Each structure stands twice: as C-alpha cells, then as structure tokens.
Amino acid sequence: MAYEALYTRGRPKTLSQLIGQEHISNALARAISNKRLSHAYLLVGTRGTGKTSTARLLSKAMNCERVHAAQEEGRPLERKEIPCNKCDSCRNFDSSPDNVEFDAASNRSVEEVKRLLSSAYLAPLRARVKTFIIDEVHMLSFEAVNSILKLIEEPPPNVAFFLATTELNKVPMTIRSRCQVLNFRLIPQTTIAPYLLTLARRLNVTLQEEAAKKIARLAEGSMRDALTYLDQCYAMSDKEITLNDVNETLGLISDENLDDVIAAVKSKDRAAVGNAITRAFRSGLSANVIAESLITRLRDMEFEMLNRDEKNFSEPDRIIDALRSATGEMYGSGIPDIILEMALMKLTAPSQNFIAMPVQAPTTEKLDEGKKFFYDVVNSLSAEDMRLAAATDNAFVTGFSNDTLTVSFKAESMARLFKNHIANCERELSKKAGRAIKISVVIDEKLPSSSSRGMSEIARANLDNAKIVFNATGETKFND
Ligand SMILES: [Zn+2]
C-alpha cells in the first residue's frame, strides 16, 4: 500500500479534532446546532492553521444526514458529531460533484474559474448544499472577484462559499463585509507537541518528547508544517524518532552546540568560541545556516527570558546584531566560515575594530615579561605546529598591559596567518601566567621587515623592540 502522509492522516475528521482553534470550532458547533450557518465564510490565517480543513468539515456538515436530523429534532450537537462521517453523504463527500474546490494561486485560466463559479447557479446534483472552497482567494482575478461578489450578495438557493486567505488586507472590503470572518490563530508549541505525541502513539511510532518539542518549535504555529516535518523524520528514522533524527533529517545544528557557542561568547572565552564553532562547522552545515540557527536560538532565549520576567536583552541583542551583519557580509563571499568565526570572536573582546591607536611607549619591564611569555609559548607550540612557527615569524610583541599582549605585524596578510592560532596561544599564555591573558593584534606599516632570521627569539625580540620604540608611529589596530 502506498505510504499515506501524516498530514493527510492527521487531518481532522470532526470539529473536535480541529487542533488549536477551539474558539472557532465551539462557535461553529453552536451555529450548526441553532441552524444559523452563513452562506459565505472568509477563513483568515497563516498557512497550515486549519482553514481548508475547517471549510471541508463545514461543507460536509451542511450535507450530513445525522447533523440534519439533529437540527430537525432541535437537539444540540457536540463537536465530535460534526460531521458524523458515517452517513452516505459524509462517506461520498470526497467524490461529490457538489463540492467544488480550487486554489486561486494555481494556474487555472480565467475562463475555467468563470466556468466553475457559474456552476453555482445550477442546482446541486445529489447534495443538499452545493459548496465552494476557494483557497488563497486574494489571488483571484478582478473578474472572478466580481462574480463571487454577485454570488454572495444574491446567493442562489443552497449554495455556500468558503473563501480562505493568508492575506486579509488583499481581500477587497466588499467581499470581507459580506462574509462571516473566521480568524485562525497560530497554534502554540505547547499544543502542537502533545498532538504530535498522540498522533505518533496512534500510528505506533515512538517519538521522543524532546523531538516533538523541537518539531513544534520549528513549525512556528503551523500544524501542517509540523506534520510535514514529522513525516520527513519518520521516513528517515529507524524505529524511534529522536532529537538527533530531527536535527539530522531537517539539517539542523543541535541546540546543545548552539548553546555552547552562545555561552562561550557571553563568557568572552575565545578558545571556547573557537572550539564550539569548529564543532558546528564539522556538522557540515553552511556558515549561513549556523548563523541563522544561532539567531533563532537567541530569539527563543529572549522569549524564555520574557517568561521569567527578565528585561535586560542587551547581551542577546548584541550577539544577534553581530550575527545579522555577519550574515550580510557572508552573502556572496568566498570565506563565509571565517566571517562568522571572526564576528563571534570579535564579540569576546569589546574594542577590536580597525581603529587608530596612539602608540604608547611600553614599560620595558612589563614588555619583557610579555615577550618572554609569548616566545616561550610560541616555541613550545611551534614544535608541534609548523604553521604557527611560520605565522609568528613576522610577529612583534609591542605591548603588554592589563593582561593584554599586543602582537604587531607589518602587513595584514601576515596577521591573517596568525589569526587561527590566537585562541590556542591565549590558552597557553593564560596557563603559563596563571591568569587570563588576551592577545590584541595590530597592523603597523612602520614596523621593520623581519630581517633577523637566525637570531634567538628573545634576542630578535629585544632588537625589534628597540627599533619600534624609535620608529613606529600611527598604528592601526587590526580587526581579528
Ligand atoms: Zn454524516
């Protein structure tokens, strides 16, 4: 048997199964019980919130023999009885020629739409009421809108219209004012997740609660999207649908990984940022997707903060802003990974833009300490990593104050080589000093070209220092 999508199987069969729209299903059940149904409804709401499903339930109910019998007896109907799904009319509904459905956004010709609408003037073939369900009604041509307008102003007997739209502002006021408007709400995550779990149980699929919550969050209020996501995960998973399956199937980065990146940025721990972002890249996702996932995660965190009545969003906002501008820079760039990494790194140190910095004469004693730390670390790390040796070949230690070591390069290209090693060097420097040491990278064109190969690192450093004190002016701080 062909696989039937969950979206089809999860479609509501009675008004009681219309999830997240109880204000509508209750009102409709009352209207049906009191025989006060309108002949024209305008169903408004975001995609996947149940507009078309409701229109079908209503068309079916208008023709349901048991609903009709209850109305005749004056017996109030419960939502789960609307419609009955057992009578001839209900069972034949899907093939009924008296229910006309079409999507105004599809490529139907103006002529065809006209023909479909003109059939409203013909009596129903078998049903009590002939029903028209028109999706995306705001996409109809001017001519078609006029035909509908005429039909709902002076409706032929036994005809009902269900006009659905995602964009109420594009529906002409003349139509709006003649319809009973049903406003569909976004379905909350707290409603979608339990529904997915119930549905999975009914279908004998094991679904992890965390996985259901994640899908519910991604669906952003649309039950159809939630069911489509669940379907995709179901097709790819073995027996149980886990959070990991959801992440992998839908190409998502794990929340844990995202939280690691955010926590590292917040604690201004460059090494941790480097590790977390490297792990994220290893998942094979593009820098763009990672940046977007981080923004979504931060937005979720802000909502959680709101729920806890916390009002200071400056930290998450700062990260979101940086990610947004990085996303802009990434567009069309050949090095999106580096742009994202740099944007996050920059957040760990407050003032690292290209800004002009006056040269301060370094206190010799302090500077010597810094140099010793730096070259010891470089020497020990270079033993294992030749690239670090090459990257620091043209580096000058030009300052050491407030536990920040200034490392200068004559050219930006040289500084870029060093960029990947900063986190590592900082970690080792901090270990050696017994306190957190940061590195600030500076470009200074006035620096001498390195012509001191063959000298010991410290000797070279001392010589360079002497040159710098006398020569260097007008440094530019390098954006690392
Ligand atoms: Zn029925």
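In what order do the 5 strands of the open sheet stand? Reading across, you get β2-β3-β4-β1-β5, and the pairing is parallel. Keep in mind as you look around that this is a predicted model.

Let's stay with the sheet for a moment. Strands of a sheet pair through backbone hydrogen bonds, either parallel or antiparallel. Now find the edges: β2, residues 99-103, and β5, residues 180-183, each have a single partner strand, so one side of each is left without a neighbour in the sheet. If you step from one strand to the next, the twist averages 15 degrees.

For β5, have a look at how it pairs with β1, which covers residues 40-44: the two run in the parallel sense, over 4 bridges. Here Val 44 stands opposite Asn 183 of β5. Helix α3, residues 51-63, packs on the sheet and touches β1, β2, β3 (130-135), β4 (159-165) and β5. Its direction makes about 170 degrees with that of β4.

Now move along to a pair of helices, α9 (residues 189-202) and α10 (residues 209-219). Their axes come within 8 Å and cross at roughly 135 degrees. The crossing is right-handed.

Which residues make the contact? From α9 come Gln 189, Ile 192, Ala 193, Leu 196 and Leu 197, while α10 brings in Glu 209, Ala 212, Lys 213, Ile 215, Ala 216, Arg 217 and Ala 219. Sorted by class, that contact has 8 nonpolar, 1 polar and 3 charged residues.

Technical notes: Residues are numbered from 1 along each chain as its sequence is written. This is a predicted model: local features need pLDDT of at least 70, side-chain atom pairs count only at pLDDT 80 or more; totals for chains, interfaces and linings use all residues. Axes are lines fitted to C-alpha atoms, for helices over the stretch in contact, and angles run from 0 to 180 degrees between N-to-C directions. A crossing is left-handed if the near helix is turned anticlockwise from the far one by less than a right angle, and right-handed if clockwise. Two residues are in contact if their C-beta atoms, placed from the backbone, lie within 7 Å. Ala, Val, Leu, Ile, Met, Phe, Trp, Tyr, Cys and Pro count as nonpolar, Asp, Glu, Lys and Arg as charged, and the others, Gly among them, as polar. Two strands pair if DSSP finds at least two bridges between them.
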